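Reader: I am new to this structure, and I would like to learn how to read its features one at a time. Could you take me through it?

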Amino acid sequence: MIVLHSDLNNFYASVERKLFPALVGKPIAVCGDREARHGVVLAKSEEAKRCGVRTGEAIWEAQRKCPGLILRPVRFHEYEENSRLVREIYARYTDRIEPYGIDECWLDVTHSGVFGSGEQIAERIRAEVKAELSLTVSVGVSFNKVFAKLASDLKKPDAVTCVTPENFREVIWPLPVSALLYVGRATEEKLARAGIGKIGDLARADEKFIAAYLGKWGTTLLRYARGEDDSPVRTADEREGLKSVGNSLTYFEDIRRHEDVKRLLYALSESVAARMKDAGLGKADTVHLWVRDCKLKDYGWQKKVRPTALVGEIAEAAYALFCEKYRDKPAVRGLGVTASGFDRGVEQLTFDSFVGDYEKKARAEEAVAKIRQKHGFAKLQRGIMFEDPNTVGMDVRGKRLSRPGKEGGEDAEKSGPQK
């Protein structure tokens, strides 16, 4: 298998410079509400990065590090349009394209030999994106998805890097284990306590020890470190392979009140339920919650629920997890909700089915969906959303809630490449 991982460099900031050429060469940051005291940086240019500006930090912190920092508002429509145009270039070489956020994609070019080798195709893509769209892209070329992703991170911006079966031990194994896809901060810290700091350390570790220490997920990470990932690049029409559906956000300010957390969890759950319905996945029996605190530390938990596709039940399960697990911790910076364990429309009868409680709620949500389809999403919203003007009108069915960084918590780690 020949896999490319294409990563658009400083995507939001690059699109801003494309729209406003006078910004070229200047340190810029794309931010949430600039008037908010706790507004955060969503993306930054290379110049800002060199000053120490980080994604997710407060605007005032970024400005302290980089006094000349130019703040730009978010323009999701422009970012989505440029993402679409880039994918049209990818489609010249293969129809096996799997998005990983708005600015990254995996491409399977195993059967695209008419265009050259994997490295040659990557170079062509890099050159065409730059010439046609005035954007730069870093492309990793490898024999599996995990190593292709790692390779694209090794040289930035505007570069192609190859990781092969012959050189991955020299190129990949010396990297910190945190560089491995789906290794979050909690897993990194746990591996460090076992003396595992490099990807090579993990690859050489005893499989029985890792399985006992990290569970089933540890065995998967061990395979990734050894280059044994065999997950395919999933195309858009292979939705039946979906194992989970989720959405997450980095809010424009630190979240300190439980009421605000609950409101945002409802907004995220609207998105999750809508996407489950669109994909025909039926009901889910597990809800996952991801939380990032204001110090950028990630947490993740999950909860079994009665099979459901209802917004309210998904949101309440996520909120219950938050209230139970997130105690005596710092203000919240990011939230994510994921549903999994789908019945794909083949459900078993339960007591709840006979009581009729579920069907009554489902009919109400279906009626709401029909009104929104006819008159627009913003015309009918839950009362909880009106408690904060910043959440009114959120396009939960679009990509507006997606966080640019994509650094997930423990549950996000466990999603892995889909089998």
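Reader: What is the mean pLDDT of the chain?

Author: pLDDT is the predictor's confidence in each residue, from 0 to 100. Here the chain has a mean of 82, and 79% of its residues reach 70 or more. Over residues 347–356 the pLDDT is below 50, and beyond near neighbours in sequence this stretch has 7 contacts in the model, a contact being heavy atoms within 4.5 Å. Where pLDDT is low, the predicted coordinates should not be read in detail.

Reader: In what order do the strands of the open sheet lie?

Author: Strands of a sheet pair through backbone hydrogen bonds, either parallel or antiparallel. Helices (H or I, at least four residues) and strands (E, at least two) are DSSP runs numbered from the N terminus, and two strands pair if DSSP finds at least two bridges between them. In this open sheet of 5 strands the order is S5-S6-S1-S7-S8, with mixed pairing. Strand S5 (97–99) and strand S8 (160–162) stand at the edges with a single partner strand each, so one side of each has no neighbour in the sheet. S7 (residues 137–142) and S8 run parallel and are joined by 3 bridges, and Val 141 has Cys 162 in S8 as its bridge partner. Helix H4 (residues 76–90) packs on the sheet, where it touches strand S1 (3–8), S5, strand S6 (104–108) and S7.

Reader: At what angle do helices H12 and H13 pack?

Author: Axes are lines fitted to C-alpha atoms, for helices over the stretch in contact, and angles run from 0 to 180 degrees between N-to-C directions. Helix H12 (residues 258–278) and helix H13 (residues 311–325) pack at an angle of about 140°, their axes being 8 Å apart. Angles under 35 degrees count as roughly parallel, over 145 as roughly antiparallel, 65 to 115 as roughly perpendicular and the rest as oblique, and H12 and H13 are therefore oblique to each other.

Reader: Which helix pair has axes that come within 6 Å?

Author: The axes of helix H10 (residues 207–214) and helix H11 (residues 216–225) do, crossing at roughly 135°, which makes H10 oblique to H11. Among the residues in this contact are Ile 210 of H10 and Trp 217 of H11.

Terms used:
Residues numbered from 1 in each chain as written. Predicted model: local features only at pLDDT ≥ 70, side-chain atom pairs only at ≥ 80, totals over all residues. Heavy atoms only, no water.
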